[in-house]
Amino acid sequence: MYHFQINKKLLPMKMHYFLAMAGLAPIIPFMSTMSRQRGYSTVIVSLIFTILPLPALLVRPAIGVITDKYKCFKSAIILNIVVISISTSMLMFIPGSVVKTEIDDENVIKSPLFWLFFSTIILLNASVSARTNLEDTICINLLDEDKTKYGLQRMWGAIGWGIMSIVSGVCVDWFSKGLEYKNHTPGFIISLICYLLDLYVVSRITMNVQNSESQIGPDIKKVLTNIKVVSFFLWVVAYGMLLSIVWYFLFLYLEDLSNIYHPEMKPYIKTLQGLSLTIQCFGGEVPFFFLSKFIIKRMGHMNVFSLMFLTFAFRFYLYSIITNPVWVLPVELLNGITLALAYSATISYAGDLAPDNAKGTLQGVAGMAVMGIGAPIGSLSGGYLFNRFGSITSFKLLSGVALAICIIQTIVNQLINRILKNDSVKREESN
């Protein structure tokens, strides 16, 4: 008779992912609308989110190198959660959270409150980037040889994100009844409760840390000069660019649709935005994180990337033809491919490529490619397009860009496989 068994070694990791993502859900997706509520223009908002990921260029690789060298993964992630909690608390108490009219860009730049707000979300985002690198490295370590099981662990983060997205959205709308603006205090409180619980959960994680006498530098240099690895990181940069468009501009687009076509939906827009995140998670991410091991093993990592780029093209095109914000909800099912499946392929492939003594370093490099290079490019280009052409035309153009990347990536991947196959044959013949 079959007995359901719980892997006690991986249980704290699953709980951490749940609480960590649940804590981010009430804050990160609403950051762009919070910024605009403060009177910042689309140009300022896009500038914020262009600069916001840049610290990841240094933070992710640095935290990877430090933890690989000193084997202090658990201490580092505990300290990181404390910093995230502090920055979230600071963000909650910064004054001047709402204005009725848009502030001139020059006056925004001169405002001390803007710089306080900006520096706080920089600290928050840098801490989240470091935590993501740490938790993925710890998870890969716990999985030992089968890195494709990563998605089964990360799935619980999607569940936490999905639950708290709709809960926080409903709470913010309810708490804001009768007000001309949205009061996000309930979201901040939910986040802080999740982080407090997460501190205990992380303290219960046990991982096997093996000391290695070999140096990190030569091993990483050998990996990073491999043509297959170089191309992989180029596609990861493109992935981060497209992903940032959804992260930073989708909610602004939904509010534009509400203002232009359906003003009667404005009192419920946060609930709708929260519901879109819930559908992203439960309708898209959870199934594809669960199936990621099966799909990646049969398709291969690079073919998964081709599918992801094609799906982005389709997703952006669907955005461009929507007039009612409600119709975005079924489109968000595609997030299972564009985030869950593609992110699982990224992390597991980086884990397979990394030497045993440099797994944190290579995860940091992969994270840097997504958040430190790709996301700023996407935010800057997205801000320009949305400001210059409007949201509808911008999504049509971005759909074409994603399709072009898909075609180029597929061709390049086939060429690289053919080159490596020919080199392998030549080596066998010479022997």
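Let's start with helix H11. At 1.5 Å a residue, the 34 residues of H11 (residues 227-260) should span 50 Å, and the C-alpha atoms at its ends are 48 Å apart, which agrees. The expected span here is 1.5 Å times one less than the number of residues. When I say helix, I mean a DSSP run of H or I with at least four residues, and a strand is a run of E with at least two, numbered from the N terminus.

Quick housekeeping. This is a predicted model, where local features need pLDDT of at least 70 and side-chain atom pairs count only at pLDDT 80 or more, while totals for chains, interfaces and linings use all residues. Residues are numbered from 1 along each chain as its sequence is written, and side-chain values use heavy atoms, with hydrogens and water left out.

Back to H11. Where does H11 bend? At Phe249, by about 45°; that is the angle between axes fitted to the seven residues ending there and the seven starting there. H11 is also mostly covered, with 26 of its 34 residues buried. Buried means under 20% relative accessible area, exposed means over 50%, and partly exposed is in between, using a 1.4 Å probe and protein chains only.

Now the whole protein. We have 17 helices and zero strands. The radius of gyration is 22 Å, close to the 22 Å that the globule rule gives for 431 residues, so the protein is as compact as a globular protein of that length. That radius is taken over C-alpha atoms, and the rule is 2.2 Å times the number of residues to the power 0.38. The C-alpha trace spans about 75 × 55 × 45 Å along its principal axes, and 55% of the 431 residues count as buried. Contact means heavy atoms within 4.5 Å; among contacts between residues at least 6 apart in sequence, 86% join residues at least 24 apart.

On to the rings. Rings of Phe, Tyr and Trp (its six-membered ring) pair if their centres lie within 6.5 Å; planes under 30 degrees apart are stacked, over 60 edge-to-face, and the rest tilted. By this rule the count is 24 aromatic pairs. One of them is Phe114 with Trp115, edge-to-face at 5.1 Å centre to centre and 75° between the planes. Phe114 is buried at 3% relative accessibility, while Trp115 is partly exposed at 42%. Phe316 and Phe395 have ring centres 5.7 Å apart and planes at 40°, so that pair is tilted. Phe316 is in helix H13 (residues 301-320) and Phe395 in helix H17 (residues 391-430), so the pair ties together parts 79 residues apart in sequence. Both of those Phe residues are buried.

Ile78 lies in helix H5 (residues 73-93) and is partly exposed at 27% relative accessibility. Leaving out residues up to four places away in sequence, Ile78 touches Leu199, Val202 and Ser203.
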